[in-house]
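Welcome, and please bring the model up in your viewer. We will go from one selection to the next and look at what is there.

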Number of protein chains: 2
Amino acid sequence: MKQIVGGVCAAKGFTANGIRCGIRKNKTKRDIALIYSEVPGSAAAVYTKNLVKGAPLTVTKNNIENGVAQAMICNSGNANTCNANGIEIATMTCELLAKEMGIKADDVIVASTGVIGQPLDITPIADGMAELVRGLGDNCDLACEGIMTTDTKKKEIAFSFEIDGVECKIGGIAKGSGMIHPNMATMLVFLTTDCCVSSEMLKKALSRDVVDSFNMISVDGDTSTNDMVSIIANGMAANDPITGEGEAYDTFCEALHAVTAYLCRSIAADGEGATKMLECVVDGALDNDTARTVAKSVICSSLFKAAMFGADANWGRVLCAIGYSGADVDVTKVSVAFKSDKGEILVCKDGAGVEFSEDKAKEILLEQEIQIIIGLGDGDGHAVAWGCDLTYDYVKINGDYRT
Amino acid sequence: MKQIVGGVCAAKGFTANGIRCGIRKNKTKRDIALIYSEVPGSAAAVYTKNLVKGAPLTVTKNNIENGVAQAMICNSGNANTCNANGIEIATMTCELLAKEMGIKADDVIVASTGVIGQPLDITPIADGMAELVRGLGDNCDLACEGIMTTDTKKKEIAFSFEIDGVECKIGGIAKGSGMIHPNMATMLVFLTTDCCVSSEMLKKALSRDVVDSFNMISVDGDTSTNDMVSIIANGMAANDPITGEGEAYDTFCEALHAVTAYLCRSIAADGEGATKMLECVVDGALDNDTARTVAKSVICSSLFKAAMFGADANWGRVLCAIGYSGADVDVTKVSVAFKSDKGEILVCKDGAGVEFSEDKAKEILLEQEIQIIIGLGDGDGHAVAWGCDLTYDYVKINGDYRT
């Protein structure tokens with residue numbers, strides 16, 4: 001497996017585009033993106049567990065019930081959620097795209113992101129559709145821009161891998177910066193692959209993957225109404241179809257996780273207002289679930305996140321977050337270390353502080369990527385969670401998001 | 001029932017004091033407080049559910065197992081938590097006080113608040129004990145100062161009430177500003193009453209009360225390791241002892257709740273960096289538990305809290321927080337209104353936005369106390385939760401708390 005360029009356009013048969021159609025007042029920001037496969041492919045998606053669900057998710061779920069899709073369309077600037085006519089608008093978006101491209105409306109994955117509770121006008125989408133389709137090409141970067149909201153960086157990645165000697169490719173793009181605390185699903189992520197996989201195995205691979213990828217990120221503890229990860233596998237790599245478990249399936253899952261783990265780190269690093277990416281690695285838990293609970297509790301703690309912003313080795317807040325996580329932990333066995341490119345430092349052992357150099361700790365914590373390494377001393381359970389620090393800018397961005 | 005002055009010294013037989021003994025480096029801040037009853041009384045306490053528990057909580061739990069206490073002592077500046085010799089230090093504190101006052105060491109309620117994981121030196125406590133005891137008097141304000149950490153305001157209140165024609169008094173003080181997200185217990189609260197109540201009924205009243213008082217506050221979602229609410233009832237009002245349920249018990253519970261609800265609002269209003277107190281009132285839930293879950297989810301949402309800081313009527317974030325709360329709610333029936341001294345405005349009905357004046361909403365949300373009124377349309381369940389906005393200053397305070 002090796003990293004390649006191209007994002008969602010890396011895999012054979014996929015093109016993309018992103019334009020400004022006028023949903024946003026901002027005159028420069030692209031606000032709609034399209035990803036297209038030459039041929040219909042297997043499709044799968046996972047969705048937010050928030051009871052309040054964006055209308056596009058309902059439409060997408062219905063469209064890919066047969067396991068087939070050919071295009072993904074997503075607007076930013078308006079979440080099309082909590083609107084009386086949300087389903088109608090999302091359905092019209094699929095129909096307009098289908099008509100323009102000569103594909104089936106129910107082969108479209110549709111998504112929206114932005115403000116909740118403001119009616120989404122179909123006019124700019126209808127007016128921009130021809131231009132959006134016309135510009136399809138090797139334009140992953142434009143699609144990235146089209147789905148961004150408060151994101152400051154594009155999030156795209158691709159890998160190539162081999163199935164039985166046949167080269168396959170997989171890539172993805174993501175948006176997500178605030179309202180990030182996925183629960184069994186995630187923010188908006190679009191994945192494409194030319195690997196030939198049955199829709200059944202594709203669903204299985206994606207559902208298994210999110211448990212250790214997107215479900216392990218948190219920027220602010222707020223689970224969005226519009227989270228969705230979707231994937232189209234168009235089979236154009238012409239490998240022997242993957243229709244069951246085995247070596248080929250495992251290889252595919254590994255490539256999938258390389259893409260999703262990269263996107264997770266990118267989303268966490270670009271958390272609203274963030275200056276640091278936090279990666280919490282937990283080992284020695286009773287089981288993986290216990291490790292996940294502990295890792296997530298630590299990266300969700302506002303107090304710990306603020307301490308990281310201040311490069312303060314306040315490990316007491318790590319212990320505190322472990323203690324209230326609800327996980328089955330023996331606190332007298334807990335160890336905590338901080339690590340970055342500047343080195344690693346042990347700050348807590350057997351649940352109590354150890355002497356350490358505050359200067360060295362400060363040097364380590366001033367880096368932009370920090371690992372918090374927690375040992376629980378109970379078993380083999382392991383997990384990794386990603387988050388970011390809590391900063392003045394998070395407050396600023398969210399104090400006047402709508403206005 | 002009427003509000004009176006005096007805090008923890010309002011009830012007959014109680015005196016208090018607070019001094020600087022030198023636990024903190026800060027040369028002006030008082031760092032130890034004492035509350036004393038002339039006679040031993042019934043005692044009860046509830047404690048944090050954090051697995052990491054401050055050593056003083058363990059010692060207190062042991063001391064009041066017999067339902068009797070006569071004094072409460074609390075230092076600030078150091079939480080005496082995650083230290084190898086924590087139990088020893090907390091026990092020594094009780095013994096030093098007992099010796100100085102001629103009371104029993106196991107009649108002492110002991111508490112600590114401040115940084116976790118730094119050994120607490122007994123020397124300043126030992127050296128200051130004589131002065132602390134000598135100054136006992138009508139000094140509730142000094143005790144308040146002694147327990148404050150990042151608090152900016154003293155939190156004290158007292159009420160008088162009648163049991164069978166006999167006047168009784170109840171009062172309390174609290175500290176709490178950050179790491180506030182009590183779970184089945186709470187931050188540090190000390191309550192005193194001269195009402196004659198058996199320790200069994202006192203325990204029952206306190207445990208019942210915290211469900212709708214301290215468990216319904218959140219400043220930052222972080223459950224402290226040192227949360228505790230304790231109460232001493234010394235019986236000096238000489239009412240007929242309350243030994244079972246009935247009218248007298250209900251009257252006592254009502255007075256207790258008047259004190260605790262006031263302290264809850266005070267803690268929320270003084271949340272670290274807060275500029276606004278948020279009170280979320282939920283009605284029409286399937287039951288009270290559902291209402292509690294919804295109310296707490298809303299006041300815990302970082303995104304909603306930041307919107308309130310910006311006086312932004314972003315009700316979509318309220319719906320989002322209701323949706324991920326885990327409560328059984330029909331989102332198509334939800335209504336949301338904002339209310340303050342400047343009026344009330346409906347912003348969402350039947351799960352979708354209604355037209356409203358942004359100017360009026362802004363005027364309402366610029367006040368310092370905001371009510372978020374949520375109707376669920378499902379039943380009679382009701383709850384109130386208290387929180388505060390998320391501000392630049394929260395980040396500032398917690399980015400360099402230790403240093």
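Start in chain B by selecting Gly316(B), Arg317(B), Val318(B), Leu319(B), Cys320(B), Ala321(B), Ile322(B) and Gly323(B): these residues of helix H9(B) are buried (under 20% relative accessible area, with exposed over 50% and partly exposed in between; 1.4 Å probe, protein chains only). Helices (H or I, at least four residues) and strands (E, at least two) are DSSP runs numbered from the N terminus. With 8 of its 8 residues buried, H9 (residues 316–323) of chain B is largely enclosed by the rest of the structure.

A note before moving on: this is a predicted model, where local features need pLDDT of at least 70 and side-chain atom pairs count only at pLDDT 80 or more, while totals for chains, interfaces and linings use all residues. Residues are numbered from 1 along each chain as its sequence is written, chains are lettered from A and ligands numbered from 1 in the order in which they are written, and side-chain values use heavy atoms, leaving out hydrogens and water.

Now show what covers H9(B): the cover includes helix H11 (392–399) of chain A, along with helices H7 (288–300) and H8 (302–309) and strands S11 (335–340), S12 (343–349) and S14 (369–375) of chain B.

Next, pick Phe252(B). Beyond its neighbours within four places in sequence, its contacts (heavy atoms within 4.5 Å) include Phe161(B), Cys195(B), Leu202(B) and Ile242(B).

Finally, hop to chain A and select Val229(A), in strand S9 (residues 228–233). Is Val229(A) buried or exposed? Val229(A) is buried, at a relative accessible area of 0%.
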